[in-house]
Amino acid sequence: LLLRPSDVDVNIVMAEVADVLPVERCWEKDLAEALEAGGCDLETVRNIIQGRELPADLRAKVWKIALNVAGKGDSLASWDGCLDLPEQTAIHKDCQKLIDQLSASEDEKTRLLVDVESVVTFYCKSRSVKYQLDMGWIHLLKPLAELRIPRSDLYNCFYAIMKKYIPRECVLKGRPFHLFRLLLQYHEPELCSFLDTKKVTPDCYALKWLASLFAYYCSVDVTQVMWDNYLQQADPFFIYFLMLIILVNAKDVILTQESDSKEEIIKFLESSPSSLEVEDMEDLFSLTQYYCSRTPASFRKGNQSLFGSSLLGLKDDDTDLSQALCLPVSVSEILQANQQGEGVRFFVVDCRPAEQYNSGHLSTAFHLDSDLMLRNPGEFALSVKSLLEAQKQSIESGSIAGGEHLCFMGSGREEEDMYMNMVLAHFLQKNKEYISIANGGFMALQQHLADINVDGPDTGYGHWIVSTSGSRSSINSLVDGDSPNGSGDGKGVKSLVNKMTVALKTKSVNMKEKVISFIENTSAPVDRMSFNLPWPDRSSMERHVSSSDRLGKPYRGVKPVFSIADEEEYDTDEIDNSSMSDDDRKEIVNIQTWINKPDVKHHFPCNEVKENGHMLPSHLLVTATHMYCLREIGSRKGFAYIQSRQALNSVVKITSKKKHPELITFKYGNSTSSGMEILAVERYLIPNAGDATKAIKQQIMKVLDALES
């Protein structure tokens, strides 16, 4: 039975509606009056709008304020108006395609075409830009042209967007896309890994997203509503999070495309923004804000040079984001983050050697012995499990050390941090989200605390550096002292993490013993990557010599071939150790020149593993008869020492570890009647080692076949 509400009830409802409607319209009136009065800034506009949908008739004025071009003069006033660039035909064609997408009369389209082509031409001339067909940034003019604003305003708005919101190097393989990959990996490691496997890099699908702020693929209506919100943010990095949400939204579909080709996946990703509708904008920006709030501030602060004034952009920035293993976070943010009640909070994992950790470490840090991954994989797995449990408990207990975001800290010295990088790779392979690295490591932390005079009485950071006992260490001397906050306040000694770290800490072992233990204590070679080769008679083999061999001379310009390692297991007079570090005797060569040599059949970037545990960036080059090791020279980019030259027919065994197949050992020697005589051993950490060893084995077999025939 439906009951009809009484007249009184109806009157009450109508009165309430009458009260609501004027209020809803009130803010639009306030906005119009504020814009009309002039002198209105972006903060005033935002306070009035408060995230509500912007009226179309006020859009042009709001955008000009957001872009800081309101009242700006005519930049084209001194231009002669000549449309005479060598690329003018391409410019006209692209401008015509753009105007055809607008809802306007033919007369309006004719006028808009002239305006848009003039803006593009003047921009190319004044900024010395060579126009190329179908450049993404021209589509920035599509939502601007729809505003029907004067040509001078059209150019001013366009130029302001190009300057403030389009990053430098917005080209294929450009820095902005390496940064976006790190952001994707931070939040969606599984999706990032899938795309990496398919070799689908962000520049393949997101170039026009970023160059046009989505105007290339989205309709004019959708783009304008998107820009209403985006320009009010006044944050050029916000576009990265919009791009991220586009991928997150398509994630389930993308992960089902395992059998699709790279081209098919790129085509799908490129066009995915075209499905956005005006009704989606509220959810899009809500999700974007959420992901923004869960991203370290260093993502923005560390990459300011991508946007802004040209002077800032010219500032030297030697950070190669294409080589970054994961998102770097500044030590200042790590210190500040966990003192705040909200925002990103870090669980710091100190991966330095035990002796360094013992002498002084961040009091909130959990110690993970990184070389356990090589020395004792089982113990490493238990340590990781305990680490995650400690992280969970610290979050639940509200500890200042707790945080969902794992930040790995090394020493800041590249050679020592090689092991930490392997640990990082392990976590990333497990698709663990929120993985970052402390930029500059513990060295940067010490320097930062010294810079802010941490030992002074007025600072709140004095308790951050402690020894394993929880006592404070001086920043300048790292000598243990009494902690001013050693008890009671819960801020000085972070008991939970420190106790679990100490409980899990293994005894410090000499690095040489650790690595040799891992490499040599192999019960049997791994079948899929280890093989013994049939060797021809000794008389048919090319003979190598050492510096102590009176029967021959060392190779000209390089160190003696067999002075690669001095391991006691291979105690033989044939192995010469006299010149292990004598770099003056090594020939220096240009790496790229050698890689491009016509006789080089294969090139494998790698790290040479020394007996003291150090890893040295190197390159293995394989010719028809020899294998060369070029060791990079840190002080001379692009150059290397010729570290060794080995004949392929002197390789007697190639082995690897089952749990770490990327660590490859090459043994060189002679086949004798009494067995095999080992003359030299070399070890390398080779990405995609399976492909490398397969190619080397095939080349060795070719050499042996040729010798036998």
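Predicted model: local features only at pLDDT ≥ 70, side-chain atom pairs only at ≥ 80, totals over all residues.
The axes of H12 and helix H14, which covers residues 281–293, cross at roughly 110 degrees and come within 9 Å. That angle falls inside the range, so H12 and H14 are roughly perpendicular to each other. As for handedness, the crossing of H12 and H14 is right-handed.

What do the two helices bring to this meeting? On the H12 side you'll find Phe238, Phe241, Leu242, Leu244, Ile245 and Val248. H14 answers with Leu284, Phe285, Leu287, Thr288, Gln289, Tyr291 and Cys292. Sorted by class, the contact of H12 with H14 holds 11 nonpolar residues, two polar ones and no charged ones.

Let's step back for a moment and take in the whole protein. There are 709 residues, and 51% of them count as buried. The protein has 26 helices and 18 strands. If you take the contacts with a separation of 6 or more, 68% of them are between residues 24 or more positions apart.

Helix H10 (residues 202–212) packs with H12 (residues 238–254) at an angle of about 135 degrees, and their axes are 11 Å apart. H10 passes H12 in a right-handed crossing. The residues that meet are Tyr205, Ala206, Trp209 and Leu210 from H10, and Ile239, Tyr240, Met243, Ile246 and Leu247 from H12. The contact of H10 with H12 is made up of nine nonpolar residues, with no polar and no charged ones.

An α-helix has 3.6 residues a turn, so residues three or four places apart point the same way.

The largest nonpolar core has 131 residues, and the members that touch the most others are Trp137, Tyr205 and Tyr240. H12 supplies the largest share of this core, with 12 residues. To see what surrounds one of those members, find Trp137 and skip its neighbours within four places in sequence: Trp137 is in contact with Val120, Tyr123, Cys124, Val129, Tyr131, Phe158, Met162 and Ala211. Another core lies apart from the largest one; it has 29 residues, including Leu368, Met420, Ile437 and Leu663.

Take Gln224, which sits in helix H11 (residues 220–233). Is Gln224 buried or exposed? Its relative accessible area is 6%, and the cut-off for buried is under 20%, so Gln224 is buried. Setting aside residues within four places in sequence, Gln224 is in contact with Arg59, Trp63, Pro143, Glu146 and Leu147.

Just after H3 comes Asn68, with a positive phi of about 60 degrees.

Glu169 has a phi near 60 degrees, a positive value in a residue other than glycine. Look for Glu169 in the loop between helix H7 (151–165) and helix H8 (175–187). With a relative accessible area of 46%, Glu169 is partly exposed. Lys173 lies in the loop between H7 and H8 too, and has a positive phi of about 65 degrees although it is not a glycine. Lys173 counts as exposed, at 68% relative accessibility, because the cut-off for exposed is over 50%.

One last stop takes us past the end of H12, into the loop between H12 and helix H13 (262–271), where Asp260 lies. Asp260 is partly exposed, with a relative accessible area of 25%. Which residues does Asp260 touch, not counting those up to four places away in sequence? They are Lys198 and Ile265. Lys198 is 62 residues from Asp260 along the chain, and the C-alpha atoms of the two are separated by 9.3 Å.

Note on methods. Residues numbered from 1 in each chain as written. Heavy atoms only, no water. Axes fitted to C-alpha atoms, helices over the stretch in contact; angles between N-to-C directions. Helix = DSSP H or I, 4+ residues; strand = E, 2+ residues; numbered from the N terminus. Left-handed = near helix turned anticlockwise from the far one by under 90°. Contact = heavy atoms within 4.5 Å. Nonpolar A, V, L, I, M, F, W, Y, C, P; charged D, E, K, R; others polar. Core = buried A, V, L, I, M, F, W, Y, C linked by side-chain atoms within 4.5 Å. Buried < 20%, exposed > 50% of the residue type's maximum accessible area, 1.4 Å probe, protein only. Parallel < 35°, antiparallel > 145°, perpendicular 65-115°, else oblique.
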